[in-house]
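Colleague: I have not looked at this one before. Can you walk me through it?

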Amino acid sequence: MRLVAEGLACSRGGRVVFRDVSFALGAGDSLLLTGPNGAGKTSLLRLVAGLVEAMAGTVRLEGGDAELTVGQHAHFIGHLDAVKGALTAAENVDFWRAYLGGAGSGDALDAFGLADLADIPAGFLSAGQKRRLALCRLAVVPRVLWLLDEPSVSLDAQSRDTLAALVSGHVAGGGIVVASTHGDLGVPFTSTLALAGRGANP
Amino acid sequence: MTLVWALIRRDLVLAMRQGGGAGMALGFFLVVVVMLPLGLGPDQAMLTRIAPGALWVALLLSVLLSTDRIFQADYEDGALEVMLLGPVPAELIVVAKTAAHWLTTGLPLALAAPLLGIFLNLPADAFAPVVATTLIGSPALSFLGAVGAAITVGVRRGGLLLSILVLPLYVPVLIFGVSAAGAAITGPVSFGTPALILAALSLASIVLCPLAAAAALRVHFR
């Protein structure tokens with residue numbers, strides 16, 4: 001399984017965010033995106049997921065299911081948590097597990113220590129708890145490619161450790177991770193891509 | 001297919017818990033229908049004559065009231081983009097979400113229509129045609145509305161724009177719905193012909209609107 005990006009360029013609102021971004025990641029590789037605000041970290045992750053159209057260049061997943069897009073092989077954890085306030089924490093995770101095709105075990109919320117909050121409507125959860133609820137998708141649905149956009153935002157120290165362990169475990173198991181962060185995820189990334197911003201070549 | 005059911009079930013649960021679905025549309029329907037005799041006066045013969053048309057127009061507006069929520073909430077909290085990365089094609093996501101919308105608005109409104117018809121002096125022998133035409137026609141209202149909802153999904157306060165886009169598309173449904181529903185009251189037109197055209201409009205919109213709505217959603221993610 002190889003994720004190959006060649007000559008990617010992206011423009012948002014008529015402004016070129018980045019151009020000529022290329023990378024290739026094999027099984028067990030992880031890529032850390034760094035750069036100042038507006039350098040295009042989020043745009044690059046959304047572009048790989050297929051949620052933003054590339055101005056130039058291609059992304060492909062070699063060895064994947066040809067019927068599916070790159071995005072359908074991927075977990076995309078963006079700025080929005082995709083958590084429904086009117087559903088309980090357990091119902092939120094159970095829906096995503098059923099919808100995204102995860103395995104049917106009952107301990108979905110244990111991964112991020114949310115088991116005690118299973119029956120609470122998610123609207124009453126704090127920002128960090130909602131984030132953990134969103135990250136539960138990583139644990140309950142197996143997908144080869146993880147695209148994590150600032151995954152540790154509003155997480156407490158213990159949850160950051162849980163996330164780091166989850167990411168390390170995924171990489172060790174032959175998965176591919178592309179993550180952006182301003183802080184430290186506590187994971188040894190195999191490579192780093194610094195986006196310079198203002199359309200300059202990285 | 002089970003995934004489509006999962007989507008529909010989730011939207012039904014959300015509609016029931018959050019309100020703003022069936023209850024609000026029914027309330028709006030009731031208020032509009034009650035307003036009409038107050039505004040037009042108590043002439044019973046006239047009310048009978050306009051009852052099918054008035055019920056249909058009130059139904060259109062009530063359905064329209066909630067169509068902008070079909071995709072908006074899921075767009076705003078990021079659920080829609082996760083859905084698009086799932087195994088279900090965008091067209092089927094549209095079908096599932098719009099079917100849930102119909103089950104929570106079109107269906108209860110259609111069933112309530114004859115009850116509210118009493119306010120408009122709707123004769124008892126017109127109850128069945130009114131229910132039949134609103135049941136046949138309301139899927140078209142939900143699916144045409146879904147196209148507008150998909151186009152305006154990223155627009156702040158897109159509800160008004162949605163109405164302007166969608167209401168003209170409702171015109172054929174309204175014309176054939178009213179002429180079939182009113183056949184029992186006003187005479188020479190038969191019920192069958194306009195009802196069949198109405199059914200054709202509904203079926204065509206169930207097939208074609210998901211394609212258009214899915215294309216509009218994809219435009220928002222590029």
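Colleague: What should I know about the model and the numbering before we start?

Modeller: This is a predicted model, so local features need pLDDT of at least 70 and side-chain atom pairs count only at pLDDT 80 or more, while totals for chains, interfaces and linings use all residues. Residues are numbered from 1 along each chain as its sequence is written, and chains are lettered from A and ligands numbered from 1 in the order in which they are written.

Colleague: How many residues does helix 2 of chain A have?

Modeller: Twelve, residues 89-100. Helices (H or I, at least four residues) and strands (E, at least two) are DSSP runs, numbered from the N terminus.

Colleague: Which residues of helix 2 are buried?

Modeller: Among them are A:Asn92, A:Val93, A:Trp96 and A:Leu100. Buried is 20 or more other C-beta atoms within 10 Å of the residue's own, exposed is 12 or fewer, and partly exposed is in between, with C-beta atoms placed from the backbone.

Colleague: What covers them?

Modeller: The cover includes helix 3 (127-140) of chain A and helix 1 (2-18) of chain B. Contact is C-beta atoms, placed from the backbone, within 7 Å.

Colleague: And what comes just after helix 2 of chain A?

Modeller: A:Gly101, with a positive phi of about 85°.

Colleague: Now chain B. At what angle do helix 8 and helix 10 cross?

Modeller: Roughly 150°, for helix 8 (residues 159-181) and helix 10 (residues 192-220) of chain B, whose axes come within 8 Å. Therefore helix 8 of chain B is roughly antiparallel to helix 10 of chain B. Their contact includes B:Phe176 of helix 8 and B:Leu198 of helix 10.

Colleague: What about helix 7 and helix 8 of chain B, how do they pack?

Modeller: At an angle of about 165°, with axes 9 Å apart. So helix 7 of chain B is roughly antiparallel to helix 8 of chain B. Their contact has 15 nonpolar, five polar and no charged residues.

Colleague: What are the cut-offs on those angles?

Modeller: Under 35 degrees is roughly parallel, over 145 roughly antiparallel, 65 to 115 roughly perpendicular and the rest oblique. Axes are lines fitted to C-alpha atoms, for helices over the stretch in contact, and angles run from 0 to 180 degrees between N-to-C directions.

Notes:
The expected span of a helix is 1.5 Å times one less than its number of residues. Two residues are in contact if their C-beta atoms, placed from the backbone, lie within 7 Å. Ala, Val, Leu, Ile, Met, Phe, Trp, Tyr, Cys and Pro count as nonpolar, Asp, Glu, Lys and Arg as charged, and the others, Gly among them, as polar.
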